[in-house]
Amino acid sequence: MKRKYLCGIIGAAVFCALAFGLWRVWRSSLPETAEGSKAVAVEVTHADGSTAEFTYRTDLEYLGELLLQEGLISGSEGPYGLFVETVDGEAVDYARDQSWWRLACNGEDVTTGVDAVVLHDGDRYGWFYTVG
């Protein structure tokens, strides 16, 4: 009986140590955030090819947080974060015509969700209405 109890305690301790180690690895893989005031530019290219430019000065650390706060984007929460459905008042409908919003930072496509994009002073973001 005592041996089973001791094995259970050891197993729980090993599980906790592994969970803590995995958590530390995950935390170290996150991009470094930049504290303090930053100025960023956001350019939106609409379906008709017209563009609109917005400039923001903020102390926030993530792009999604900033653009939601400013009302430039909206969407729905999904398993991978915010799925952006509307930018600058223009909505996409993937089910209808396979349209979606593509996001770029400093000319490079972003490979994470908007709510995981870290803001840095001077960054330029682009939203592009995309079909297909």
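Predicted model: local features only at pLDDT ≥ 70, side-chain atom pairs only at ≥ 80, totals over all residues.
Residues are numbered from 1 along each chain as its sequence is written, and side-chain values use heavy atoms, with hydrogens and water left out.

The largest nonpolar core comprises 23 residues. A nonpolar core is a set of buried Ala, Val, Leu, Ile, Met, Phe, Trp, Tyr and Cys residues joined through side-chain atoms within 4.5 Å; buried denotes under 20% relative accessible area, exposed over 50%, and partly exposed the range in between (1.4 Å probe, protein chains only). Leu67, Tyr125 and Trp127 have the most contacts inside this core. At least two core residues each are supplied by strand E1 (38-45), helix H2 (63-70), strand E4 (81-87), strand E6 (99-105) and strand E8. Helices (H or I, at least four residues) and strands (E, at least two) are DSSP runs, numbered from the N terminus. With neighbours within four places in sequence left aside, leucine 67 is in contact (heavy atoms within 4.5 Å) with Val42, Tyr56, Leu72, Ile73 and Trp127.

Two aromatic pairs were found in a search of the whole structure. Rings of Phe, Tyr and Trp (its six-membered ring) pair if their centres lie within 6.5 Å; planes under 30 degrees apart count as stacked, over 60 as edge-to-face and the rest as tilted. Phenylalanine 54 and tyrosine 56 are stacked, at 6.5 Å centre to centre and 5° between the planes. Phenylalanine 54 is partly exposed at 23% relative accessibility, while tyrosine 56 is buried at 10%. The rings of tryptophan 101 and tyrosine 129 have planes at 90° and centres 5.5 Å apart, so this pair is edge-to-face. Tryptophan 101 belongs to strand E6 and tyrosine 129 to strand E8, and the pair links parts of the chain 28 residues apart. Tryptophan 101 and tyrosine 129 are both buried.

Side chains of opposite charge can pair when their charged atoms come close. The structure contains three salt bridges, a salt bridge being a side-chain nitrogen of Lys or Arg within 4 Å of a carboxyl oxygen of Asp or Glu. Arginine 124 and glutamate 53 form one of them, with an N to O distance of 3.0 Å. Arginine 124 lies in strand E8 (residues 124-131) and glutamate 53 in strand E2 (residues 51-58), so the bridge ties together parts that are 71 residues apart in sequence. Arginine 124 is partly exposed at 41% relative accessible area, as is glutamate 53 at 43%. Another bridge joins arginine 102 to aspartate 109 at 2.6 Å, N to O; arginine 102 is partly exposed at 25%, and aspartate 109 is partly exposed at 46%. Aspartate 97 and arginine 96 also meet in a salt bridge, at 3.1 Å, N to O. Aspartate 97 is partly exposed at 27%, whereas arginine 96 is exposed at 59%.

Leu6, Ile10, Val14 and Leu18 form a nonpolar surface patch with about 380 Å² of accessible area together. Patches consist of residues with over 30% relative accessible area and no salt bridge, like charges being joined within 9 Å and nonpolar side chains (Val, Leu, Ile, Met, Phe, Trp, Tyr) within 5 Å. Accessible areas come from the Shrake-Rupley method with a 1.4 Å probe; for residues, only the protein chains shown count as cover. Isoleucine 10 lies in helix H1 (residues 2-29) and is partly exposed, with a relative accessible area of 49%.
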